[in-house]
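Please read it beside the sequence and the model.

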Protein chains: 2
Amino acid sequence: MEPLIDGEMAKSKNIIKNICVFCGSRSGNSENFKLKTEQLSKEMTKRGYGLVYGGGNVGLMGSISHGVADNGGNVRGIIPASLSQKEISGTTVGHLEVTSDMHSRKKIMYEGSDAIIALPGGLGTFDELFESLTWIQLGIHSKPVGILNIDGYYTHLIEFLKHCAQSGFVDQHFIDAIVISDDPVSLLDQMETKTPPQPFIKWVKPEQL
Amino acid sequence: MEPLIDGEMAKSKNIIKNICVFCGSRSGNSENFKLKTEQLSKEMTKRGYGLVYGGGNVGLMGSISHGVADNGGNVRGIIPASLSQKEISGTTVGHLEVTSDMHSRKKIMYEGSDAIIALPGGLGTFDELFESLTWIQLGIHSKPVGILNIDGYYTHLIEFLKHCAQSGFVDQHFIDAIVISDDPVSLLDQMETKTPPQPFIKWVKPEQL
Ligand SMILES: [Mg+2]
C-alpha cells in the first residue's frame with residue numbers, strides 16, 4: 001500500500017457498499033484465523049461496509065458476523081434451511097434470510113454485494129470462491145475479489161492458479177486481478193483502488209445462472 | 001495398483017456405469033493433456049463406462065467426448081444455452097442436452113453419473129470439482145471422485161488441500177478419499193475399488209441443491 005499524503009483518504013475507484021465474505025464454519029487450529037477475521041470486521045465497519053455472508057454463527061462465520069455487528073455495521077446472512085442446524089448454534093446477529101436451496105444462497109449473496117472476500121475455510125468456501133471467479137470469466141460480474149491470506153493459508157492455492165495460467169488453462173489477467181494480502185487494511189485498500197477483472201465477453205446473463 | 005493374479009479381473013466394489021468428467025474447454029500447452037485424456041477415453045470405453053460431460057467439443061472437452069464416441073462408448077453432453085457458442089464449434093458427438101441455466105447443468109451431470117473425474121481445466125472445472133466435493137461433505141452423495149493429475153497439473157492443489165486439513169478446516173478423510181493418479185488405468189482401478197468418501201450426516205437432500 002502507498003502511504004497516504006497528509007492522512008488524506010485514498011480515492012476509491014470501486015464503489016463498495018456491501019462485501020460478500022466466504023469463510024469456514026470452523027475457526028482452524030491457529031488463533032490468528034479468528035484474530036485477523038475480527039480485524040477485518042473492524043476495518044470493514046470503519047469504512048462503512050456492510051457484510052453479506054452465509055448466515056452461520058459458528059467458526060469464522062461467527063467471528064466475521066459478530067465482529068461487524070459489534071462494531072455497529074450492517075449484517076445480512078443468507079442460509080439454506082438445510083444447513084441452519086449445521087451452521088447456526090444459538091442466536092445469530094443481523095438480518096437472517098432462509099433459502100429453500102443451496103444455489104439461491106449463492107445467487108442472493110452475489111446479487112447483494114459489490115465485492116467478494118474469501119477467508120480461510122473448507123470445501124464449501126472454495127466452491128463459493130471458484131464459482132465467483134468463474135462468473136467473472138463468463139462476464140456475469142466484474143466485482144473485486146480478494147483473498148485474506150491469513151498465515152499463508154491460501155499460498156499453495158495461489159501457486160496452483162499461477163501454474164494453471166502457465167499451463168494455458170486460465171488467462172493470466174484473471175489471476176492477476178485477484179487481490180491477495182495477509183493484512184485486512186491493505187486488502188481493503190487494494191480492493192477499493194485496483195482495477196477489477198475485466199471479462200472480454202458477456203457469455204452468461206445473471207438470470208442464466 | 002496391486003498386480004492382478006493370473007490376469008483375473010479385479011473385483012469392482014463400486015458400481016460404475018457413467019462417469020462425469022469435468023475438464024477444460026482448452027487443451028493447455030503440453031501435448032500430454034490431450035494424449036492422456038484420449039487414453040482415459042479409451043480405458044473408460046474398454047470397461048463399458050459411458051461419459052457424462054459439459055457438452056462442449058473444444059479443448060479437452062472435445063478430446064474426451066470424441067475419444068469415448070470413437071471407441072464406441074456412450075456420450076451424453078449437458079450444456080447451458082448461454083455457453084453453446086463458447087464451448088461448441090461445429091458438430092458434437094453423442095447426445096446433447098441444452099439447459100436454460102448453469103446450475104441445471106451441474107445437477108443433471110451429477111444425477112446422471114456414478115463417479116466423477118476432474119481432468120486439467122480452468123476456473124469452471126475447479127468450481128465443478130469443489131461443488132462435487134462439497135456435496136459429499138453435506139451428505140448428498142458418496143460417489144468416487146478422481147483427479148487425473150496429468151503432468152502434475154493438480155499437485156499444488158493437492159498440497160493446498162493437505163494444508164487445509166492440517167489447519168483444521170477440512171476433515172482429512174474427505175481429502176484421503178479423493179483418488180489421484182497420473183495414469184488413466186490406475187485411476188479407474190482405484191475408483192472401482194477404493195471406499196468412497198463417507199459423509200457422516202446427510203445435511204442436504206438432492207432436491208435442496
Ligand atoms: Mg460451485
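**Notes on a helix and an interface**

1. Helix H5 of chain A is followed by A:Gly139, whose phi is positive, near 85 degrees. Helices are DSSP runs (H or I, at least four residues), as strands are (E, at least two), numbered from the N terminus. The model is a predicted one, in which local features need pLDDT of at least 70 and side-chain atom pairs count only at pLDDT 80 or more, whereas totals for chains, interfaces and linings use all residues. Residues are numbered from 1 along each chain as its sequence is written, chains are lettered from A and ligands numbered from 1 in the order in which they are written, and side-chain values use heavy atoms, with hydrogens and water left out.

2. The 15 residues of H5(A) should span 21 Å at 1.5 Å a residue, and the end C-alpha atoms are 21 Å apart, which agrees; the expected span is 1.5 Å times one less than the number of residues. Of these 15 residues, 14 are buried, so H5(A) is largely enclosed by the rest of the structure. Buried means under 20% relative accessible area, exposed over 50% and partly exposed in between (1.4 Å probe, protein chains only).

3. The interface holds 4 salt bridges, a salt bridge being a side-chain nitrogen of Lys or Arg within 4 Å of a carboxyl oxygen of Asp or Glu. A:Arg26 forms a salt bridge with B:Asp171, with the closest N and O atoms 3.1 Å apart.

4. Over all chains, 21 aromatic pairs are found. Rings of Phe, Tyr and Trp (its six-membered ring) pair if their centres lie within 6.5 Å; planes under 30 degrees apart count as stacked, over 60 as edge-to-face and the rest as tilted. The rings of A:Phe33 and B:Phe169 are edge-to-face, because their planes stand at 85 degrees, with centres 5.0 Å apart. A:Phe33 lies in helix H1 (residues 31–46) of chain A and B:Phe169 in the loop between helices H6 (155–166) and H7 (172–176) of chain B, so this pair joins two chains. Both residues, A:Phe33 and B:Phe169, are buried.

5. A:Phe130 and B:Phe130 form a stacked pair, 5.6 Å centre to centre with 0 degrees between the planes. This pair also crosses between chains, from helix H5 (residues 123–137) of chain A to helix H5 (residues 123–137) of chain B. A:Phe130 is buried, at 0% relative accessible area, and B:Phe130 counts as buried at 0%.
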